[in-house]
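Biologist: I'm new to reading protein models. Could you walk me through a few features, one at a time?

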Amino acid sequence: MAESQKAPVKRGGRYCVCGGPGGVSCKNSTHTPGIILHKFPSEKTRPDERRLWTKFVRRHRTNFSPTQYSVVCSAHFEPSCYPQSFSLDIPEHLRPKARYLKPDALPTIDAVPVETDKLKSTPVSKRQSRMVNMKREDAIKRQKERRQKTVQLIPAALEQDTLLASQNELLA
């Protein structure tokens, strides 16, 4: 029953050929929202750029040789690799991402984007989630109590400081 509620997994499409440290592969594909896939430069027209792209991928995939279907995702390119057609002062995060690269763009970002599915914790029972919430509420309650004690101690400490200061003045 739980399996029928899961979203269907999209299969097919192209996947990024880049890898990352520790033998981790980039999981971005044509189905990943917000990610653009870029074909390798042509061997005939831009052999130098193709060689540099291949060298970048071979840092983590030593036996890699590009095919006509090999692609690199936009996560491996810096924002400066995309042409800017805006003359307005629009913040970087609000600008639409260009769908094409500059002719001399090279992949430079080595990190593999973290998948959000792996960040989610394992499914917990209702009881476990209640226990976590109770512990969280207890911690908040203790923190509030400590703050109240601190607020109550501050006037007493100020009174002691003024008494000590007045005693020092009398002695001097």
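Biologist: Let's start inside: how many residues does the largest nonpolar core have, and which of them have the most contacts inside it?

Modeller: First, a word on what you're looking at. This is a predicted model, where local features need pLDDT of at least 70 and side-chain atom pairs count only at pLDDT 80 or more, while totals for chains, interfaces and linings use all residues. Residues are numbered from 1 along each chain as its sequence is written, and side-chain values use heavy atoms, leaving out hydrogens and water.

Modeller: Now the general idea: in soluble globular proteins, nonpolar side chains tend to be buried together. A nonpolar core is a set of buried Ala, Val, Leu, Ile, Met, Phe, Trp, Tyr and Cys residues joined through side-chain atoms within 4.5 Å. Buried means under 20% relative accessible area, exposed means over 50%, and partly exposed is in between (1.4 Å probe, protein chains only). Here the largest core has 18 residues, and Phe40, Val57, Val72, Phe77 and Leu101 have the most contacts inside it. Helix H2 (47-57) and strand E4 (71-73) each supply at least two residues of this core. Helices (H or I, at least four residues) and strands (E, at least two) are DSSP runs, numbered from the N terminus.

Biologist: Leaving aside neighbours within four places in sequence, what is Val57 in contact with?

Modeller: Contact means heavy atoms within 4.5 Å. With those neighbours set aside, Val57 touches Val17, Cys18, Phe40 and Phe64.

Biologist: And His38, is that buried or exposed?

Modeller: His38 counts as buried because its relative accessible area is 7%. You'll find His38 in strand E3 (residues 37-39). Its side chain makes a polar contact with the side chain of Tyr82 at 3.0 Å. A polar contact is a pair of N or O atoms within 3.5 Å; within protein, one must be able to donate a hydrogen and the other to accept it, and residues adjacent in sequence count only if both atoms are side-chain atoms.

Biologist: How many salt bridges does the count come to?

Modeller: Side chains of opposite charge can pair when their charged atoms come close. The rule asks for a side-chain nitrogen of Lys or Arg within 4 Å of a carboxyl oxygen of Asp or Glu, and the count comes to two salt bridges. Arg50 pairs with Glu43 (3.3 Å, N to O), and Arg46 pairs with Glu49 (3.9 Å, N to O). Arg50 is buried at 13%, whereas Arg46 is partly exposed at 29%.
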